[in-house]
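Please examine the sequence and the structure displayed below.

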Amino acid sequence: MTCYTPQAQLVAGETPGTYRVDGDVTDAQLLHLAKMIAHKRLRKGNKLGSPDEVHRCLQTLLLDYPYEVFGTLLLDTQHRLIAFDELFRGTIDSASVYPREVIKHAIEHNAAAVILVHNHPSGDPEPSDADRRITQRLKEALGLVDIRVLDHVVVGFDGYTSFAERGLL
């Protein structure tokens, strides 16, 4: 894989999953390259890797938003990725999430399962009470149409929190 930027070139390394950057690279270019790699890993048809790999991809994609963004990873019955979509944008500390729209989106893509994801622009990935409530509402609502919620991942620059890993689902 080679990606050209105005001043730097990304070249695949000798070990799979490693890369070399030839030339000087700015922070913005480096973040752009990281987002390209994350999008590649979250491309339609890919079977999701380890939870940690998925969480790191999501963290990379949502890291620099100055407002909350809520999205979904839609999965088929084999847990291959159908789509990653940002559904709602909010303010610096909240985003309105409408279960009806999440269900509609999942059904339109014929999803069997979803992973919910949103960022915390503050950087602290600790879920709020509102995060817990909307997760429960979405789990119940999606369950009515036989779509499983596998996880809800909250990302920030200080890391991520997985509801599934914490036993909160």
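Tyr65 counts as buried because its relative accessibility is 17%, where buried means under 20% relative accessible area, exposed over 50% and partly exposed in between (1.4 Å probe, protein chains only). The model is predicted, so local features need pLDDT of at least 70 and side-chain atom pairs count only at pLDDT 80 or more, whereas totals for chains, interfaces and linings use all residues. Residues are numbered from 1 along each chain as its sequence is written, and side-chain values use heavy atoms, with hydrogens and water left out.

Across the whole structure, a search finds three aromatic pairs. In one of them, the ring centres of Tyr65 and Tyr67 are 5.4 Å apart and the planes stand at 40°, so this pair is tilted. The rule for such pairs is that rings of Phe, Tyr and Trp (its six-membered ring) have centres within 6.5 Å; planes under 30 degrees apart count as stacked, over 60 as edge-to-face and the rest as tilted. Tyr67 is partly exposed, since its relative accessible area is 22%.

Phe70 and Phe88 also form a tilted pair, because their planes lie at 45°, with ring centres 6.1 Å apart. Phe70 belongs to strand β4 (residues 69-75) and Phe88 to strand β5 (residues 81-89), so the pair ties together parts that are 18 residues apart in sequence. Strands (E, at least two residues) and helices (H or I, at least four) are DSSP runs, numbered from the N terminus. Phe70 is buried at 2% relative accessibility, and Phe88 is buried with a relative accessible area of 11%. Ring pairs join Phe70 and Phe88 with Tyr98 in a cluster.

Another histidine, His55, lies in helix α2 (residues 51-62). Is His55 buried or exposed? His55 is buried, because its relative accessible area is 2%. Its side chain makes a polar contact with the side chain of Tyr160 at 3.4 Å; such a contact is a pair of N or O atoms within 3.5 Å, and within protein one must be able to donate a hydrogen and the other to accept it, while residues adjacent in sequence count only if both atoms are side-chain atoms. Leaving aside neighbours within four places in sequence, His55 is in contact (heavy atoms within 4.5 Å) with Asp151, Val153, Val155, Tyr160, Ser162 and Glu165.
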